Each structure stands twice: as structure tokens, then as C-alpha cells.
Amino acid sequence: MAALNLNLNFSGLTRHLFAPFFSYSLRTRAVSFRRASCFSRRLSLVSASATASPEWKCDERFDVIVVGGGHAGCEAALASARLGAKTLLLTLNIDRIAWQPCNPAVGGPAKSQLVHEVDALGGEIGKIADRCYLQKRILNISRGPAVRALRAQTDKREYAMEMKNIVERQGFTANLSIREAMVTDILLGKNDNVEGVHTFFGMNFYASSVVLTTGTFMSGKIWVGRTSMPAGRAGESASHGLTENLQSLGFETDRLKTGTPARVDIRTVDFSGLEPQHGDEEVSWFSFDPDFHIEREQMCCYLTRTTKRTHQLIKENLHETPTYGGWVEAKGPRYCPSIEDKIVRFQDKESHQIFLEPEGRNVPELYVQGFSTGLPETLQLPLLRSLPGLENCSMLRPAYAVEYDFLPAHQCFRSLMTKQIEGLFFSGQINGTTGYEEAAAQGILSGINAARHSDGKCLIVLERESSYIGTLIDDLVTKDLREPYRMLTSRSEHRLLLRSDNADSRLTPLGREIGLIDDRRWKIYQDKQHRVSEEKKRLKTVRISGGDLAADVAQLSGQPVKDSATLESLLKKPHIPYKVLDKHGFGNEMLNRMEKECVEVDIKYEGFIMRQQKQLQQMVHQQHRPLPQDLDYYAMTTLSLEAREKLSKVRPQTIGQASRVGGVSPADITALLIILEANRRIAHEQRRHHMLTSVRADSEQHSEVPLTETVNS
Amino acid sequence: MALLPSFRSFITHIYRPAAAPLLLYRASILFHKPKLSIPTCINLSFLVSSSPKPKTRNPLASSKDNTLVFKKDERLVGVTGGSEEQTERSTTIAAIVTSMGGPPGAVGIVRLSGPSAVDIVGRLFRPVKKKKSKGCGSTSWRPTSHVVEYGVVLDHQGNVIDEVLAVPMLAPRSYTREDVVELQCHGSEVCLRRVLRACLEAGASLAEPGEFTLRAFLNGRLDLSQAENGGFSSLVKSLRVQCIELLTEIEARLDFDDEMPPLDLNLIIDKIQSMSQDVKNALETANYDKLLQSGLQIAIVGRPNVGKSSLLNAWSKSERAIVTEIAGTTRDVVEASVTVCGIPVTLLDTAGIRETDDIVEKIGVERSEAVALGADVIIMTVSAVDGWTSEDTKLLHRIQSNKKSTESPTPMILVVNKIDCAPSASTEWINRESYSFSKHIFTCAVTGQGIQDLEKAISEIVGLNQIPAGGRKWTVNQRQCEQLVRTKEALVMLKSSIEEEMPLDFWTIDLRDAALALGQISGEDISEEILSNIFGKFYF
């Protein structure tokens, strides 16, 4: 406790402790629940400072307030409540908690890693997706273990219902309250610290940490064709006033755009001529918790394509789309282009794939993936009907675009706490991201940090190299976003180390230290690690000479098998998965499929993994060098003008971050390092000099006096 | 310890407001009227500064100068705390800046940089010119910037050390943006060292390696790419772009498989192949640069009395080796220097290798074998008169068995000498033996016939011919060479990943590595190594 307090006393900065991967480490396990007393102590402090408020009521004081009940908000509220912080979740509509307004799916390349990581930390998204899936597939299966990705189609209603149940149950058991409200103002304390929120209907809720997860709702506006209305989603009112409030507090805001395609009635689609896309026979899981591995009957997706007629219709009506008609300026995501963008950009491509995905087991809605459009509603049905299988379809909901306010995340630290206001955190689309997974990833971290902040603990930063979550947040707070940010495998420089299969061994120990992994889960984790490492030992020692296995391996790999070869050496050969060992009775029955995969990856790609590890270590040493927060970049004339501006704006915390700021070149970084080094040595020399001077001053006072006089004159 | 004060001066100059020196210069004009200067110098000063008058400088002003600047710069106080003391610690550095160690050049330069550069030179430099009447004492030298003065350098006892040309380049119109004085001395090392010592005795401190460049850099005079001098950047940049394009192609498939056309693997493999070739070529150039620096060692070996020494004499156009009719004349290794395609070549004439009881000759033979082992190319000489003898076979085997223990085989050239004495001799044996040799050449050491062919053969063997004469636009330094090797290795690994049918994602690992290595050459990626190099070079 003493050590933690010491850290806090230095400055706001030292809340973010730097360590190779995680910015902190706990001395004792399971601190959180025992620290309930700390929260109440804090509480009395808050109440003392807020007695002037007439709305004061005991039950309206909390440790953490989470604004927004989407995928970020739910993870944040759950993490915070589970860490023992008295938490309030404010949402515009309780019936829409964890709603999936766009694609009814979780996972995919890079996003699945985020889901596994959130789960490894003790989050919820993976479990819910595992529980509510309609179909599951592993993508990129033959392209390497780092890019292999699980994707689940989910039942969107069931998904929302499940998450709502979990949140409500948490509220019933401990620390979490839910309330419908529209937050319009952030309440500030005397030291630029957050004190609570004010709602449209005049309520004040107090807490020392507030997490904003406003999604597309802040000044949201939806568009169909040229017609627009204020809304966060179709049929749901936007949130007004908060943007202006944040601006008045000095925050910079900007606007982004995203869209969702039409939904059609599944009963009006003729699937007979369409290519079906089935789920995997062997279902994989997001969660590392086997209690959630419950198989369900899978549904089928279908593949259709755009036709000449589709392209013709779009080309004739380009002027009717917001982008090409020029009436929406906000930037949409490049990698999730509308159908008109695809047709304009890839002129020579005659046809684009369109996926038809069910939205639930008991609803007739079908999601038309890859077909979002800004065209007016009158044109949307003819456009849908140009697709094979949809010739007679009826449209249930039109496609629409949504514009919303976001706060460029360079205004946040990597803990997701804002730089300006202590205790205020941003998560999810408010930081410029898109996607449920990206939101959940930020949500859990901001929830953890909000709870820790209100408990007076140091905040946690996931380093970029530790995880996709770390990479995501590092990108957000350093890079200049021009479009909604989606996680991609190519954003991670060392992705071979950040795989789905090792998300738990990367993050569960941290989750345990933080206090989100309970004893049962911790035991499951430890047992798994033990089995995997024992199995690797076994494969190193068991040798075979000749026999069916050797013959099979030689044939499959095209490589000879030596006498008394270890099983490990067989597994290292190309085209030899663990299954081959199983087939010949050399596998280990004790291990489940996921554990076998861990063993296989560790052994098969050992050389590559070691190499990446080495590259990483070389890099980390340099990149994690902290930068003083009070550097005057404008005074560094050896930096380019652009670098001086950008660095002054972003104020990176480490050299590595500085190097990723847009407009900062490697030459700038080198210059910066040289200046830092020169400063360091000057400071050193000065200390030495002062020491000498004081020694000298004691002995020869006379000579010292004229010197100072000259200098001051 | 000496380097610490110098940091203070970096800071002095980084933050020195541009206006202050100008004011001071104007003030100093009162003391000294501009004297005649060469027209080009006047032009230069017009180009560089807005001040219409050539700047002169009073040494008395220079110490005050810094104090004033410091007083004005509040930001500096914020950065460094009590900076006042630093004023007095700004050092003036000096070093010999022309290369040393090689054969002496006609001229060598001692450079001084720092606030007291003019003062210090004033203490040891006496201009040789018509009397100056304007009241300047003989002890204060007040040069005009960018005007060359002729004079002598004296040691502290007043003895003349050397005649020199002094080139003053006053701040900020100099490489380091500090006052710089260059003393052009006679090129001998003794002269240069004595002049440098005089400078150090007069108050300069010896510059750390790279310190002039560091000052230039910190004073905003040059950016890092200039400092690092990336010469062959266009090739490296294009290779890097290719790597990144390939990466993009592959990674796009990993993230957006649904929407992309399938990858053309053959095309990618072809591209990797051609990149490997480019890297190989670049490395060959690097190799040339290495040769240019270190030169080639060529050992001439053979039985006694086949004309090895004559060959060396004919080639080097000298009488370096003693030539007699007596077999075993050469007892020790004799060296001579020639150039082949601009590359310095050291020829090593050796004792004829044979079984012998003569102690001295025996040692000579051992040395011959040692030399052959260490040489870059071995020329085995036989006599056309005798043809290929059994001793030749034995000798060849001895050399080859020695060679086997070393890693890469040394190329060998067969020289058939004394071709004039046996014009019609049978040469069939050459075809029989030629598999051991890279080339065979007929020579006549007496007339010099065949020497040109020999040079051509050597240039082909060491790969000099692949670089078009005068077509080399760049040089490769050690650091760049290391990164090129890393690039090559990454591409080799990539090829093996492809051959082993590793999943697509693994290709990206080596491609990234190659791109990173190339980026470090071109300065587009930072690396620990570059930085530690810089810090190492500049600070220690």
C-alpha cells in the first residue's frame, strides 16, 4: 500500500507505471475484494466536497459511473462492479443493452483475438458469443496460427437479452445499478477532476470515475438518401448536449460516419440457387472457460453476387448517394465500403460477393452483408432485387448511414483516462473505433481503470506488444484517425506472438492480479498450462522407430523419418498436425482439442516464435523509454515543424509512441533521442556542478560571490 | 570528463537566438574596418546573410557574446536550470580532419570549432602580410569571415611549426554554425600533429570522433540523412517499397479475404527472386568498396625457377625481386604493389615450394604456404618449358589440402610462364589440369606478354568486371553492408519458408524483417543500432 501511494504522489503521470508488458504488477493477489473498505473511505471524501449540492442523496453516490450500455459500457460496468467498485450504468434504453445494430456477428480476423483477450482478462463478450451463436467458422485456417480467426454469427436478440441478464444479475449480487438516463453534463471538481454527471431530467449522480461510452449517439444523425433525422440508431433518439459540454471543457470533437445495410424477410428469399455456407463441424470457442462450451444447432449462411443490373442501377444513381452527391462530409470506413464505393473504386470488377446472414433463430430478418448503401429508400428495394435469390424479396428495414461525434483519442492516456480531466474515461466509438469487439476491448480496460482510479490505485496500461487490446489503444491515442478504426491483423507488428491460442497465457495472469479471474477460472487456467507443458515434455522424450506413424509422416511430409525420432521432431515436419499422432495412437487423450492446438503451434513454429520474440525484445528496449511529459517540443529546432506540432498535441508517453505519431519521421525520433540524451547529461553535469559549488561555497565563499554577480548583471 | 563541458556548448548553440550574433557583429565593425576580400567571398556573404557588410569580429566581444545570449534566453533556463555557469564551459574543439594513417596527402587540415576558435588561432597564428596600421595589436587576430589568410603557426616558444593557410568561417556561416577556423597545413602527419598540439596548448580541447557533425546536427545545420549519408538510397528505397507492396498484397488477403482476388503465388516468388538478385548486386558493390579499402592480396606460388619473381617484376614494372638462374633464389616473401581496375593489389612473390634441407629455404617454403593460405587469389606459376610436372601436382595438392581447412576456397589462376622459350610446346596437359583453376593465362615475364590478360582474369574472378567502370554511383559503408546482409538472409529464409510450404502468414515475418533492414539503411525506420552508433560515435 505504501508503495502504491508513493507512486501516486509523484504526479498524474506516474499513475501509469511502465513495465515491459503491463504497466504494473501487484504485490498481493486478490486485492480488490478485500479493499472494499478503501472505496467507502473515498466515498466520505467525495460527500464532504459535494455537500453544497441540493440534489444530494445517499444512493446517488457511486465509485464509478458508466454512461452507455453498449458493448463497451457493459464490459466497463461489469469489470468495475466485479472489482468491488459501486457502479452505476446509465443508458438511454435498458431494452437495448448490448444491442448489435449492424452485423449480427462477433469475431473475424484480428477481432477474434480481441474477443479472446477480453475473455482472458475476465470479460464477457466471448462467453455471450459462445452462448448465442447461430453459426461458427474458423477463417484463414491454412494461413498460419497468428491469423487464424473464429467468427460467429449471433442471434442478436438473444445476445442482447443474455448480456442484459448478466448485467442485471451482477446488479442483484453486487455493486451494479442500472438507470435509464440521458447524460448532458460532466460535473467537475476543483482540480479538473470529475465528480459526476448531470442528466437531462435534472439528476446529479456522483462518482470519482466516469466512463463515457456514447457510441453513435452523441449528436447522432441518420441518413437514408437525402433525408436525415437526429437519431443514434434507427428508431432511437440521439443524445444531445454532451458534445457541447465536452467542448466547453476544452475537448476537441470531430465527426465520423458509418452505415448498415438493409434487412430482408428471410421467407421471401429463394435459397435454392445460392451457395450455402455451413458452419464448422467441430465448433471452436471464444471463451477459455469450458463451462460456456455448449454446442447448439447451427444455421446456414448463403452467398450471392452483384449482377450487371446492380452495377447499372448504382452507376445511374450515383448522384443520389451522400458521398457522391456530396451532402455528407463525415468520413466512413474504407475497409467497410458501401456498395457504391466498391463499384466506383473497382471499376473492372464485374461482380462482388454478398453474404446473406440470419439475424436470429426466431426472427425472419436476414442481414445482407457487403451491401450497405446511402441510396434513397425508393431505390433500395430494386437494388436488392437485382441480386440472385432476392428477386422477389421484401425489405424489412432500409439501409441507413449514421453520423456521430467522437473525441480524437489523443486526448486520452493509454489507460483511456482523459489527459484533461482526472477520472474521466472514454471507451468505444467515442474514441473513433468501429466494431463490438473493439468496443468491448476498450470497455474492459476503462472499467478496470475507472474502478482502480476511484480506489486510489495506479492505472493499468497494456503495452502495444502485449496484446491486440494494447495495439488498438496505442494506435488510438497516437495516430491521427481519419476514419472509423477497425482492428486488423496487419496493425500488429508481432502478431505471431499475439495469437488466439495464447491469449490466456498472455493475459489471464494479469486478469488474476487485477481481480477479475476467480479461483475456479484460475484453477482451470493453471491446469491447462500444466497439461500443455507436460505434453510438450512428453513429445520431446517419446521416440519411435519405423512403424505406421513413421510411414504416414514420411508420406504426408515428403521428408524421411529417422530412426528413434522424437514425436516432437515429427510434429515439426510440414503438413503434420497433431491429429496424425492421434490417428496412430500417439496422441494424449488427456488434452482437449484447444490444448493440442497449443502444443502443436508451440512446437511447429518454435523457430519463428523465438525469432519474433528476439526482434520484439530488441525493439522494446528502445521503444519503452519514457518521455518526460513537460518536454517543450516547440523549442526543439532539430525536429521538423510538423513533428513539433504533432508531438506537442499528442504528448506521447514513450519513444515508441512518439515514433508512431503521424508526421513524425525516424529522423525526428533520432533527433529527439539525441536531445534527451544531451539533456540527461547536462542534468547530470549540473547536479555534479551544484554539488561541487556547494562544497566550494563552504570553503571559499569569497570567490563565489563575484561569480554570481557577473552572471546576474 | 572532457566531453561533459562540450554538452553545455551544444545547448548554448541550439538555443542561440539568430538575431543576437548579428547585433554583436554590427558592434564589432566599430573595431575593425573590412579589408580587401576576394569577390567570391563577398558574394557568398550576400547570399547567406541579410547583412550587407562582411562580418568581422572582435575577440573581446566573444566572451561577452555568450553571456548576453544566455541572459536573453529564458527557455534555456527552463530546460537546463542554472545554465549561467555553462557560458564559461563552452568548449572549442579541434581535430585533424583529413585522413591519417595512409600515405601523406599534399595538404592536411586542422579544424577548430567553438566560441574561442578565433582567439585560439590568434594565439598561434601569425599572418604574413604588409604591416597593419589600424592599431591592432599583434596578439589579436581579427579575421574576415570566408577570407583566406596566409601565415605561419608558432609553438608557445615562438618557433615556426608550419606555413599554413587559415580559413576563418564565422558563426553562423559554418558547418557547425559556430566560429570555425581551418588551418591548411602541409600534409605530413608530423606537421599536422604539431599544429594540433599547438591548438590544444592554446586552449582547444580535442574533438571526440564525430563531434563536429554532432554540433552541426544540434545546431540545426544538417538533418540525419545527411549526417548518415545514405548514398545508394534509391536502390534501397525501391527494394523497400517492393517488400512493402508484397506485404500489403499478402496482408490484405489475411484481413479481407472475401473481397480480394486470389494471390498469384508465382508472381510473388518471381518478385522475391528479383529482389534477391538486386540485393546480391548491391552486396557485390559493397564488396568492391571493401576491396577498395583493404585491397587484394595475390600470392604467386610455384616450383623454384619457373619465373615467379620475373612475373612480379614485370607486373610491378620494377626490379623488386632478385632474379637469377639459380633455383631457390627467393627465400622470403617479396611484396610489390600494383593496381587492377583501380583496386590496390599487393603481389606476394614467394619462395619456390619444394622439399629442401636448406634451413633458410625451408622456412621460406613454409612462409610461401602460409602466404598462399591467406591470399585472396593464388597464382600458380609453371614453366612452359617443363610443362606440368609431378612436383606441380604435389604442390597443388599441398595448397589444396591447406585450403580445405579454411571455409571458402581461394580462387586459383594457372600461369604458364616462359611461353617465349617454348612456343611450340604441347599444351594438352592444361586441359587436363584446368579443373583445379579458375583461369589459365600464358605469360612471358621477360617481355610482359600476358600481364594484361592476367589482370583481366583477376578482375573477373573477384567480380570487378560486373561493376561498369565509372558506373558506380554509390559506396556502401559497414553499417549499410550489415543491413544488406540481413536483408539477404531474410529473403533466403523467405524462400525456404515458401519451399517448405509454410502458411502465408509466415512469409510476412521475413518480408517485414527485410523491409526493416532496408528501412534502416534508408533512414525510414529507426533502430537501436543506428542510435547507439550515433551516440557511440558522437559521445564516446
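Buried means under 20% relative accessible area, exposed over 50%, and partly exposed in between, with a 1.4 Å probe and protein chains only. This is a predicted model: local features need pLDDT of at least 70, side-chain atom pairs count only at pLDDT 80 or more, and totals for chains, interfaces and linings use all residues. Residues are numbered from 1 along each chain as its sequence is written, chains are lettered from A and ligands numbered from 1 in the order in which they are written, and side-chain values use heavy atoms, leaving out hydrogens and water.

Start with A:Y133, which is buried at 0% relative accessible area. How do the two rings meet? Rings of Phe, Tyr and Trp (its six-membered ring) pair if their centres lie within 6.5 Å; planes under 30 degrees apart are stacked, over 60 edge-to-face, the rest tilted. The centres of A:Y133 and A:W285 are 5.8 Å apart with planes at 80°, so this pair is edge-to-face. The two residues are 152 apart in the chain.

Next, select A:F251 and A:F426, both buried. Their ring centres are 5.4 Å apart and the planes at 55°, so call this one tilted.

For a cluster, pick A:Y605, A:F608 and B:F506.

Then show A:R491, which lies over the face of A:Y485, 3.9 Å from the ring centre. Likewise, the charged end of A:K86 sits over the ring of A:F62, 4.8 Å from its centre. The rule here: NZ of Lys or CZ of Arg within 6 Å of the ring centre and within 35 degrees of the ring normal.

Conventions:
Helices (H or I, at least four residues) and strands (E, at least two) are DSSP runs, numbered from the N terminus.
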